[in-house]
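The coordinates come from a predicted model.

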Amino acid sequence: MAVSSTETESPVDKNPFTATKFAKQGELERSKIATTEFERRKKEFHRALDTLEKYQAYIAKQQKKKYGRHESVLKTKRSIMALLPQSISSRIPRFGSSILQLFDDSNKGSDMWYFSRDVGQSAKVKQAVETIRQLADSEYEDAALTVADMEMYGKYGMETDLRKAFEGYQQVAKTSGSARAQYMVGLFYATGLGGVEQRNSLALLYNTLSAKRGYTPAEMMQAFRHLTGVGVPVSCEESLGYYQSVARKAIGYYLSGPPLGRAPPPYRARLSDDSSGAYGVRTGPYSLFKINDRDAFEEILEYHLHNARKGNVKSSITLVDLYYHGHRFAPRSHAVALVYIRQILGRLFTKRGELRKELAQDEVNAAAQAAGMYGLMHLRGEGVPTDTVTALRWLKIGANMGHGASLNALGFMYQKGIEVPANSERAIDLFKRAVEKKHQGGQVNYAMSMIDTQPQIALTNLKSAAVSGHILAHFRLAEMYMTMKDPETSCRMAVASYKYVAEHGDWLHSPIPDAYAAYERGDLLAATIDYMRAAEMGYSVGQLNAALLLERAAKECRYRDDAVAGKGGNSSRCFHTVLGDRQQHERQTLAYWTRAANQNMPDARAKQGDHFFHGWGVERSAEKAAAAYLLSAKSDSNGLAMWNLGWMYETGVGLKRDFYMAKRWYDRSIEANEGGKLAANLSLIRLCAKYLWAWMSGEDVGETPLFFSPTNGKVDDDNDDDDDKDDDKDDDDNARKNKRQGKDAAAAPAKDGDAGDNGAEKWQLNRHDDANAYVPEDWEQGAGAAAAEAAEGLGTENDDGAVPELEEAGDGALTESIFMVVLLLAAAWMFLPFR
């Protein structure tokens with residue numbers, strides 16, 4: 001019997017509301033299944049990752065034991081071949097060079113770039129790696145990023161493969177739109193890591209996408225590029241927006257910590273300080289920021305530890321400062337600091353908390369500091385549980401003894417009503433007393449208390465605290481600068497303060513700690529990558545350290561290429577590992593030296609000159625090298641740059657030959673850096689011999705006699721201003737010449753965003769422009785123009801345009817000069833021929 005259609009229809013089909021209900025139930029069930037699957041994969045991922053992180057910690061320990069950093073890792077080593085004259089060394093066969101290199105230690109430490117990270121994977125570790133890869137194949141975002149990180153840094157026993165890492169990040173960026181993946185892809189395009197084609201347009205695209213989603217490293221990178229015109233037009237307004245976003249996040253994290261804010265991040269080491277400077281030797285007064293000698297530090301530390309055990313209060317308070325604030329060679333340890341604080345309190349205070357009598361002044365000062373820090377640590381919960389009662393008691397003792405930090409902390413407690421009734425007037429009075437003690441925190445708190453009633457006093461105190469490096473002072477200043485009427489000045493000043501906060505309040509986004517940890521354990525490849533990340537984010541320390549490590553790799557590669565060039569081989573493994581090829585490697589190194597120089601990093605400008613002189617990553621130009629050396633000599637008092645200028649004046653390379661100017665720069669090199677005294681004196685002997693030979697041969701030796709000093713109506717051998725006038729006379733002429741050449745060299749505009757391909761030919765020495773720089777159509781100045789401007793206006797002529805007359809320098813100077821002539825004539829035969 002046939003069944004009618006009405007009989008086959010279910011009540012559900014007839015009721016649309018019921019159908020919708022069941023559809024929603026189905027979606028809910030599928031959502032529950034998806035959620036359950038996601039949670040399963042998440043647990044599986046974290047379980048595998050925990051295994052791999054434990055293995056990575058074991059690997060790091062083994063690496064540090066085997067490859068751990070020595071003080072000579074970046075030490076400049078001179079090749080034995082450099083001791084031979086060029087006419088001889090150029091004729092030595094390739095195999096002879098290889099034999100000499102067997103005795104040359106300048107390639108020492110190269111294994112650190114290529115060591116194997118696999119120290120023996122267990123079955124459990126291999127299974128964890130396989131699990132991560134399977135999850136990545138199933139498009140689980142965290143797993144895919146972890147796999148890309150493994151390829152990027154060679155983690156978990158894997159070998160580094162930057163090309164595969166780039167493809168992994170690119171895939172994640174396309175499939176899930178991960179902000180971190182977009183940032184990493186932008187980094188590859190910006191730097192050319194792993195041989196990826198350097199394209200500023202794509203770097204800008206990916207970093208903008210990441211930055212707009214609030215990814216902090218991408219915001220930092222975009223801010224710096226807009227500020228300095230790297231790949232984009234210079235825009236203070238664009239840079240301001242990004243730096244402001246990062247700074248506000250940093251201050252939010254700073255204030256979310258214990259009372260009075262979090263402790264600052266660890267000290268960022270300049271790797272050049274380990275080697276006495278970027279050249280491996282000290283080149284001038286600013287060559288070193290801090291002398292970092294681990295052995296000397298440990299000796300001093302042992303001295304204070306020994307004295308503290310004997311009850312010396314001065315040594316004990318020194319150790320309190322050391323362990324409370326931390327040091328590069330002594331990590332911060334509140335527990336250890338607390339031990340020495342209690343020793344001081346027990347020695348200088350009675351059990352009732354009263355100061356003992358007949359104490360020396362240094363002991364009284366130590367007692368005030370120990371009491372204040374003991375109360376502060378209880379207020380902040382550092383090394384001990386938070387105890388505001390104990391904090392109040394000891395802070396009052398410290399404040400009564402005039403301890404600045406105690407006054408500030410006690411004022412904070414009155415301001416917030418912690419253990420005492422809130423009293424703003426009492427708080428302001430305590431902050432004011434802290435200001436009198438030059439305490440940074442007190443200056444900031446007093447300024448914010450007075451900003452509405454006395455804004456000028458507030459501004460003065462904020463500026464004073466900012467000079468001392470207080471990040472909250474910088475942030476408050478930036479916020480005040482934003483309200484200024486002049487937009488251009490307001491933007492420039494606000495950006496400077498926001499940038500400081502972003503770079504010094506980087507607890508959560510800085511790659512520098514990871515980079516230094518890799519450097520410490522001897523993994524120079526991972527250290528280079530992370531320092532390059534920091535460099536692209538605008539850190540001056542990152543730019544300096546990245547340039548040092550890239551230069552080190554370049555030197556090693558030149559040795560390897562020279563060793564196999566005669567056999568038709570290719571040994572540029574380190575170029576292939578970090579960047580694409582030698583040209584790209586050297587071009588990026590030059591970019592970082594330039595950026596570091598523009599942020600006042602010592603030796604960086606002289607290094608830039610070396611690149612121009614040798615043609616590393618840029619068209620060879622002795623004129624531009626001279627301009628860079630002149631800037632370095634003038635701004636950094638760099639003795640090596642001064643010596644280079646002397647040599648260039650002596651030989652006529654890059655500058656017009658002028659024996660007098662050569663002598664003056666050699667003399668200044670000795671004044672700036674006594675460490676180079678021997679080399680400079682030998683150069684002076686050679687110069688004098690050349691001068692005499694040229695004079696006797698009837699050649700042009702310049703308008704200025706070598707053994708007479710120019711004066712302007714009076715004799716004053718010690719007048720540096722007169723020396724400046726003499727020196728700058730020809731510097732001015734050569735700088736103008738460089739300026740004209742720079743304009744000619746920079747006449748052609750760059751193309752689109754890919755200025756990295758030809759930007760190195762259009763370098764400006766005193767700007768942040770580099771191989772990736774955005775170059776406007778109406779190029780204002782050429783590569784030598786900046787040095788020309790630096791050299792111009794230094795007062796080399798009289799008002800009427802006449803050159804000062806030359807007079808004899810006086811009997812003493814003349815007698816000394818005649819003695820030098822006799823001495824040098826006797827030694828002249830050593831330097832024949834002179835050409």
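## Helix α23

Helices (H or I, at least four residues) and strands (E, at least two) are DSSP runs, numbered from the N terminus.

Buried residues (under 20% relative accessible area, 1.4 Å probe, protein chains only) of α23 include Thr489, Cys491, Val495, Tyr498 and Val501. The buried residues of α23 pack against α11 (216-228), α12 (236-255) and α22 (471-481); contact means heavy atoms within 4.5 Å.

## Chain and model

The protein chain has 36 helices and zero strands. Of its 835 residues, 51% are buried. Among contacts between residues at least 6 apart in sequence, 63% join residues at least 24 apart.

Residues are numbered from 1 along each chain as its sequence is written. In this predicted model local features need pLDDT of at least 70, side-chain atom pairs count only at pLDDT 80 or more, totals for chains, interfaces and linings use all residues, and side-chain values use heavy atoms, with hydrogens and water left out.

## Nonpolar cores

A nonpolar core is a set of buried Ala, Val, Leu, Ile, Met, Phe, Trp, Tyr and Cys residues joined through side-chain atoms within 4.5 Å. The largest holds 108 residues, of which Met152, Tyr169, Phe188, Leu193 and Tyr531 touch the most other members. A second, separate core of 50 residues includes Ile341, Ala371, Leu376 and Phe431.

Beyond its neighbours within four places in sequence, Tyr169 contacts residues including Leu145, Met152, Arg180, Met184 and Phe188.
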